[in-house]
Amino acid sequence: MPKKNIAVYPGSYDPLTNGHIDIIERGLKIFDKIIVAVLKNPDKTYLFSLEERQQILRSVFKDPQRIEIDHFEGLLVDYVNRKGINTVVRGLRAISDFEIEFQMAMMNRKIEPRIETIFFVPSDAYSFLSSKLVKEIYQLGGEVSSLVPQIVDLKLKEKFRPQK
Ligand code: PNS
């Protein structure tokens with residue numbers, strides 16, 4: 001059987017947005033499988049726990065043959081090496097993303113030259129979208145239902161607007 005073409009799509013996913021989904025769908029046109037790798041960083045405060053972030057992803061993506069949900073801690077390149085994979089996928093929304101993404105890709109290459117980073121450009125409908133803005137807008141009473149999957153909208157409601 002020919003070897004599967006697999007890529008890792010790492011991120012914080014705090015929470016998953018329609019922009020992430022757009023990148024995963026584009027990635028699946030090129031790769032047989034995408035491993036969505038959720039970062040566990042004990043030094044960072046997240047709105048959603050690692051379990052919640054993974055649970056959201058699992059409830060949105062129900063085809064584990066093509067979209068695997070996993071998590072990692074520590075260096076991304078170490079995780080990618082452990083998996084025996086050589087491609088990392090990232091989204092590039094705007095020029096403002098370029099500098100940090102370029103820096104990360106170059107640093108990852110310096111540590112592990114075997115690993116390539118491939119960038120996908122999301123639909124322009126999501127070029128302004130970030131998890132950080134979604135949280136901020138929701139917290140300040142705004143509406144995000146067109147920017148996130150329904151489950152994220154519900155979970156945000158539970159966090160920020162619990163029924164009394
Ligand atoms: O969704 P994010 O927060 O933009 O994702 C950033 C992520 C998880 C890809 C990045 O912070 C990362 O790879 N962290 C793991 C630690 C690491 O390898 N750091 C060196 C990067 S050059």
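**Ligand contacts and helix packing**

In the ligand site, a polar side-chain atom of Ser12 is placed 2.6 Å from an oxygen atom of the ligand. The model is predicted. A polar backbone atom of Leu76 lies 2.8 Å from an oxygen atom of the ligand, and an N or O atom in the side chain of Arg90 is 2.9 Å from a ligand oxygen atom. The ligand taken alone exposes 550 Å², of which the protein buries 70%. Besides Ser12, Leu76 and Arg90, the residues around the ligand include Pro10, Gly11, Leu39, Phe72, Gly74 and Leu75. Met104, Met107 and Asn108 are also among them.

The buried residues of H4 are Asp97, Glu101, Ala105 and Asn108. An α-helix has 3.6 residues a turn, so residues three or four places apart point the same way.

In helix H2 (residues 50-60), Leu50, Arg53, Gln54, Ile56 and Leu57 are buried. Viewed down the axis of H2, these buried residues fall within an arc of 155°, and therefore they line one face of the helix. Their cover includes strands E2 (33-39) and E3 (67-72), together with helix H6 (150-160).

Note on methods:
Residues are numbered from 1 along each chain as its sequence is written. This is a predicted model: local features need pLDDT of at least 70, side-chain atom pairs count only at pLDDT 80 or more; totals for chains, interfaces and linings use all residues. Side-chain values use heavy atoms; hydrogens and water are left out. Buried means under 20% relative accessible area, exposed over 50%, partly exposed in between (1.4 Å probe, protein chains only). Helices (H or I, at least four residues) and strands (E, at least two) are DSSP runs, numbered from the N terminus. A residue is near a molecule or strand if one of its heavy atoms lies within 4 Å of it. A polar contact is a pair of N or O atoms within 3.5 Å; within protein, one must be able to donate a hydrogen and the other to accept it, and residues adjacent in sequence count only if both atoms are side-chain atoms. Accessible areas come from the Shrake-Rupley method with a 1.4 Å probe; for residues, only the protein chains shown count as cover. The arc is that of the directions from the helix axis to the C-beta atoms. Contact means heavy atoms within 4.5 Å.
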